[in-house]
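Hi,

Here is the structure I said I would pass along. Have a look first, and my notes follow below.

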Amino acid sequence: MKEMSSTMPGGQQPQRHYGITSAISLAPPREIDHQYTKKLCDAMKPFGVFEDEEELNHRLAVLGKLNNFVKEWIAEISELKNLPPSAISCVGGKIFTFGSYRLGVHTKGADIDALCVAPRHVERTDFFQSFFEKLKQHEEIKDLRAVEDAFVPVIKFKFDGIEIDLLFARLALQSIPDNLDLRGDSILRNLDIRCIRSLNGCRVTDEILYLVPNKENFRLTLRAIKLWAKRRGIYSNMLGFLGGVSWAMLVARTCQLYPNAVAATLVHKFFLVFSKWEWPNPVLLKQPEDSNLNLPVWDPRVNPSDRYHLMPIITPAYPQQNSTYNVSTSTRTIMSEEFKYGLSVTDEILQGKAEWPKLFEPPNFFQKYKHYIVLTASASTEENHLEWIGLVESKIRVLVGNLERNEYITLAHVNPQSFPGSKENRSENDFVSMWFIGIIFKKVENAESVNIDLTYDIQSFTDTVYRQANNINMLKDGMKIEATHVKKKQLHQYLPPELVQKKKRSIAELNRSSNGGSSKRISLDSSHLDSSRDTDSGTPFSSPTTKPSKPPPIKTKPPSPPASSSTPPLLSGDVMPNAASSPKEEPNGLEDSINGAPAKRPHSPTEEDMTKRLKETEVRRVLSVIIAVGLSCKVKTPLSGSKAKPIPTIDTSRTQRLPSMELPDASSPLPASNSCRVVKNSIKLALNRHK
């Protein structure tokens with residue numbers, strides 16, 4: 001950490017410098033900022049984001065019991081391995097927590113991510129055998145299951161009603177003291193890769209907390225942002241949005257840039273900073289350091305594949321990794337729009353024109369698009385269904401990638417929420433889950449109609465899922481996937497009426513729309529996105545007498561061999577941020593100020609003018625932070641006058657940036673069609689263009 005050379009207002013001592021750039025503002029909070037923060041807390045309470053004292057104490061008691069349980073087990077193992085009594089008495093062992101619980105932002109009923117740290121003579125096989133058996137004997141432990149072959153091996157269970165995911169790491173130490181600090185890089189020496197992965201969660205969480213100026217302000221802000229992201233449908237690392245650790249790092253970076261601000265201000269500044277952020281410039285909480293342990297780290301200067309990451313948010317603990325490698329062009333577009341919408345709402349709130357609950361209003365996903373893909377996963381038993389939908393959901397981002405690469409598709413927006421299958425659309429004994437993907441098709445010039453075939457996009461996705469299921473011996477009779485194209489007016493055949501009916505809009509909202517509200521979409525390829533308003537908007541949503549026609553299933557053709565890569569490079573010249581999407585074109589007067597030619601005022605500035613000029617100054621500071629990040633990482637940005645280009649010789653395999661356990665094995669054969677029921681529909685559309 002650096003020390004700031006400047007002193008605080010009022011002659012205070014110099015303030016600690018957080019992050020890789022200086023702060024944007026050191027302004028202390030005003031009384032009104034504290035009032036807005038209290039209102040923010042009140043607005044979050046109905047959503048169950050705060051745990052009461054009794055629940056918190058219950059968690060502490062459970063973790064205390066588990067910690068003692070681990071020490072007992074390690075002592076027993078030590079005795080079995082003939083350690084001397086003097087060594088057994090001090091061999092130790094400890095439970096560490098990470099994730100939302102360690103950050104202090106867990107919600108009511110949330111699970112706890114924990115890590116069992118053991119000395120060098122205790123092996124991973126001991127953890128999954130003798131410790132697993134010891135847990136079985138404990139009457140307070142229910143739903144015990146081990147996932148030993150996972151990318152990060154884990155034992156899952158409920159301890160006195162609290163769900164716990166317990167990882168294991170064996171350190172190269174003779175004993176594990178109670179005051180052990182996991183932040184030091186030296187503890188990673190001589191460890192196997194599974195232990196390093198298991199330690200990573202704790203090390204990242206502890207580093208985030210160390211790098212923020214005020215932990216309480218950080219926690220309250222993160223609670224608000226996580227609630228907002230969940231309510232707006234953009235909280236899911238698995239589906240290509242952001243997960244908990246990524247949201248935590250974005251909030252932590254905001255806290256570094258505004259170290260003295262309270263939560264209400266930080267929420268607003270969060271949207272200001274990241275609505276202006278020029279991706280793919282990375283978000284870094286500290287300058288990456290090399291510990292000479294020869295572990296792979298995120299570094300676009302060395303690893304060509306890292307240059308293709310669209311929205312890099314880099315973990316602060318060694319080995320540094322990009323926590324957002326699942327982000328696609330569509331999910332980045334959707335999140336960027338949400339950042340802008342969040343900024344407009346918080347602007348209104350801090351101007352007294354709206355209240356905090358407005359920030360947490362969910363979007364109406366089922367009114368947003370004209371076209372949808374309905375993905376259905378079904379199984380014949382409840383147990384098989386739970387296992388099956390877990391695999392299918394983990395691969396939906398492959399389908400989104402396939403759709404994005406279709407020349408006629410501009411955006412594919414998956415709703416993270418799954419829905420149970422309706423009785424009309426499933427067999428009586430089947431267990432069914434459905435996901436919905438909103439589709440935006442490109443406008444095609446000089447064409448009255450366009451024929452679009454999505455069959456191959458869907459089929460290559462189903463091939464990937466079935467191959468993975470076959471490889472891990474999960475595939476069972478009755479497990480099926482089906483994809484169907486539906487129009488907005490047909491959604492009521494799949495969903496309850498309250499989800500698909502239009503919400504009445506207030507007069508204020510109608511006025512904002514007529515004036516060109518801030519929620520208008522901008523296409524990645526500068527073409528208009530035909531997204532939000534359908535020409536059949538007046539169609540009643542009552543059930544018609546005839547069901548919508550579905551494309552008939554076609555005979556299963558020999559599966560096309562999947563490409564060697566499940567996702568080609570997503571970052572290309574027409575996807576990079578460019579001058580057309582630069583903040584200087586925002587309608588806030590910033591263009592003149594960037595060009596150094598502010599408009600002359602013939603009169604004294606009004607309060608509104610002063611507010612506008614202050615905001616422009618702050619935006620310029622945000623942009624300077626982004627440029628500094630780009631220079632420190634040698635990432636070319638549009639603001640520095642150059643346009644990043646993909647390197648044509650790069651191997652486009654996604655294996656360079658995904659864990660091996662997450663990837664389909666392209667070399668393994670698809671299961672034979674008579675061993676499982678592979679349902680593949682032909683999805684062919686004819687889109688008419690109305691001028």
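**Cysteines first**

C41 is buried, with a relative accessible area of 18%; buried here means under 20% relative accessible area, exposed means over 50%, and partly exposed is in between (1.4 Å probe, protein chains only). C90, by contrast, counts as partly exposed at 49% relative accessibility. How many disulfides does a search of the whole structure find? The count is 0, taking a disulfide as a pair of cysteine sulfur atoms within 2.5 Å.

Some housekeeping before you dig in. This is a predicted model, so local features need pLDDT of at least 70 and side-chain atom pairs count only at pLDDT 80 or more, while totals for chains, interfaces and linings use all residues. Residues are numbered from 1 along each chain as its sequence is written, and side-chain values use heavy atoms, with hydrogens and water left out.

**The cores and helix 8**

The largest nonpolar core holds 118 residues, and F218, W228, W247 and W388 have the most contacts inside it. (A nonpolar core is a set of buried Ala, Val, Leu, Ile, Met, Phe, Trp, Tyr and Cys residues joined through side-chain atoms within 4.5 Å.) Another core, of 29 residues, lies apart from it and includes V62, I95, V122 and L166.

Back to W228: beyond residues up to four places away in sequence, W228 touches I234, W247, F270, F271, E338, F339, L359 and F360, where contact means heavy atoms within 4.5 Å.

W247 is also one of the buried residues of helix 8. That helix covers residues 244-257 and is mostly covered, with 12 of its 14 residues buried. From first C-alpha to last, helix 8 reaches 20 Å, close to the 20 Å expected at 1.5 Å a residue; the expected span is 1.5 Å times one less than the number of residues. Helices (H or I, at least four residues) and strands (E, at least two) are DSSP runs, numbered from the N terminus.

**Two spots to look at**

G93 sits in the loop between helix 3 (85-88) and strand 3 (94-98). G93 is buried, with a relative accessible area of 0%. Leaving out residues up to four places away in sequence, G93 touches N67, V70, K71, I74, V117, I176 and D178. Its C-alpha is 8.8 Å from that of E72, 21 residues apart along the chain.

S394 belongs to helix 12 (residues 382-404) and is buried at 13% relative accessible area. The S394 side chain reaches the backbone oxygen of L391 at 2.7 Å.

Cheers

Methods
A polar contact is a pair of N or O atoms within 3.5 Å; within protein, one must be able to donate a hydrogen and the other to accept it, and residues adjacent in sequence count only if both atoms are side-chain atoms.
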